[in-house]
Amino acid sequence: MLELMLTAALGAQPNIIFFLSDDHACNATSAYGSVINDTPNIDHIAATGATFDRAFCNNGICAPSRAAFLTGVHGWNNGVETNGDRFDGSQPTIASALHDAGYTTAMIGKWHLKTDPTGFDHWDILPGQGHYYGPDFRTSEGKRRINGHVTDVTTDLALEWLNSGRDTDKPFMIMINHKAPHRAWMPAPQHVDMYEGEVIPEPPSLLDDHANRGTAAKAQEMEIANHMWLWYDLKIDPDEGTPLTGPDRWAKGRYDRMTPAQAATWNEAYGPRNAWFEASDLEDDELTRYKYQRYIKDYLRCVAGVDDSVGEILDWIDDAGLRENTIVIYASDQGFFLGEQGWYDKRFMNDPALRLPLLVRWPNVTEPGSRIDAIVQNIDLMPTLCAAGGATTPDRVQGRDLRPVLEGHTPDDWRDAIYYRYMEEGIHNVAPHEGVRTDRYALIHWPTHDEWELFDLETDPQETTNVHDDPRFATVRKHMHLALEQMRSEVGAPGMPGPDAG
Ligand code: CA
C-alpha cells in the first residue's frame, strides 16, 4: 500500500481502463440528461471525474471511428474510411505506443478492423460484429464459442485478465470494447423485462417528414417507420413458412445461438408482447410509435448491460486498491438516432450520431463532477493517453492532448470546430458527406447531391430545418463555409467524391 501511495505521488505511469461501447448515444446516458433511462455507473464516472459536453466523432460509423480513436489521425491517414477497409496494424496506435513505454496491454471485445490487433500483449475479440448470444471470441490461438450474453462475457474476460492475466510488475492499459448497444439490440436475460409496461418518452421529431431537409434526408433508408425488420430488429417472429426477406433472413441464426434456458427466458418475455402485436391492428403513426417503443426498450436494455459492466469494473478497481492510480475512460465510437427525425442508425452528421459520450476519471487531474465544453474529437484520445503514459506521441498525430482541458485550463488556441467526413455508400442509402461543427452550428456538404445543409443547434436542436439558403443566416453561412475551408486545409482532407469526380 505504501509503495502504491509513493508511486501515485510521484506521478508514475497510471493504469488505464478504456471502455469503448458501440453506438451508445448521449441521449441514452443520464450523465448527459437522458430523459429515457438511467446509467448510474457511467454517472459515477461523471461524479468522480469529468464529462465532455462537446465530444464528436470524425466519421459516424464503427470501423473508421475506432481506427481514429486508436491512431489519433483521420481516416485518409490511417487507411480506414469505411467499414470495408482493412486496418494496417503496423502503424502506431494507443496500444503500441503504451506497450513501447512499458505497459502491459489488452483488448477485449469488438475490434471490427479486419486485421489482427497489434500492440496488445493479450487480445480476445469478437469476429466482425460478433453475436449477442453465444458469441465466438478469437485470440491468436484461435476461435471458440462462449455461452452467455456478449456484454457479460466481455466483462468476465476483462476481469480475468485484470485478475490473473496481466504482468503485475507493469502499469496496464485495457480496452473493454462492448458490442452493445449495437443493432440488433438483443438484451441479456436479466434485462429482458426492464421498462415493460412503461411508455418511453418520444423525441419531438419522431414523426418528422424531412420536408425542410435536403435530398439525403429524404433518400435515407433508416426510418423506424419503414426500414425496421420485424424479426431481426423488433423481435417479432414470423409465422411458420413465411418467406423471409432482408435482414430477417439472418434472425434465426442469432436466436439459435441461445441456450435452452436463455431461449426460455426470451420467449417468456417476448412471446406475450408479440402475441399482443399480432392481435392488434396498428397502422400509420400508431404503428411507428409502437415500433419506437419496441426498439428503444431493447436499445436501453442493452445500455443497462453496459452500465452494469462499468459498475463491475469500477468495483474491481476499488477492491484492488487501484483507484488513485487508474484512469477510467468511457466513450462510444459514435452516437445513434433514438427516434430523432424518425430514425435509428447513425452516419448523418447530426448531433444524435455525431456526438458521443466521453467521460474521464483521472485522479489528481480531473475535478470530480466537472463539465467540459471544449470541442473535442475521438482523435484526441491517442495523444492524451500517450502523454499520460509517458509514451512518445507520433509526429503524425492530428488530435490534441486533452490533459490541460481535463485540468480545467483549455489552451487559448484550442479548436473551435471539428471536421467530419463520411465516405461509405450503400447500407441505409446515406450519401458521402463532409462538414464542420462549431459550438452552435453545423454545415454539411453533400457532394453527390450537390447540396448544402446548415443547422442552428441553438434554435433547432432536433436539426429538422436546413437554413442554408435562409437570408437571415447569410452571415453565419459565410462564416461556416470559411470554417470548412480552413478545417479542410488544417486536417489535409482530400477532395470528396462528387458528380464531377470522374
Ligand atoms: Ca458504432
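Keep in mind that the model you are looking at is predicted.

Let's begin with the parts. Where they touch, domain 1 brings 28 residues to the contact and domain 2 brings 25.

How much surface is hidden there? The size of an interface is often given as the accessible area lost when the parts come together. Between domain 1 and domain 2, about 2300 Å² is buried, and carbon and sulfur atoms give 55% of that area. On the side of domain 1, look for Trp-76, Arg-347 and Met-349: these three supply 31% of the area that domain 1 buries against domain 2, more than any other three residues.

Now for the polar side of the story. Between the two domains, 17 residue pairs are in polar contact. Three salt bridges are also found across this interface. You can look at the salt bridge between Arg-421 and Glu-81, whose side chains meet at 2.8 Å, N to O.

Finally, which helix gives the most to the side of domain 1 that touches domain 2? Helix 11, residues 351–354, does, with three residues. Sorted by kind, the residues on this side of domain 1 are 10 nonpolar, 11 polar and seven charged.

How values were computed:
Residues are numbered from 1 along each chain as its sequence is written. This is a predicted model: local features need pLDDT of at least 70, side-chain atom pairs count only at pLDDT 80 or more; totals for chains, interfaces and linings use all residues. Side-chain values use heavy atoms; hydrogens and water are left out. Contact means heavy atoms within 4.5 Å. Buried area is the accessible area (1.4 Å probe) that two parts lose on being put together, summed over both. A salt bridge is a side-chain nitrogen of Lys or Arg within 4 Å of a carboxyl oxygen of Asp or Glu. A polar contact is a pair of N or O atoms within 3.5 Å; within protein, one must be able to donate a hydrogen and the other to accept it, and residues adjacent in sequence count only if both atoms are side-chain atoms. Helices (H or I, at least four residues) and strands (E, at least two) are DSSP runs, numbered from the N terminus. Ala, Val, Leu, Ile, Met, Phe, Trp, Tyr, Cys and Pro count as nonpolar, Asp, Glu, Lys and Arg as charged, and the others, Gly among them, as polar.
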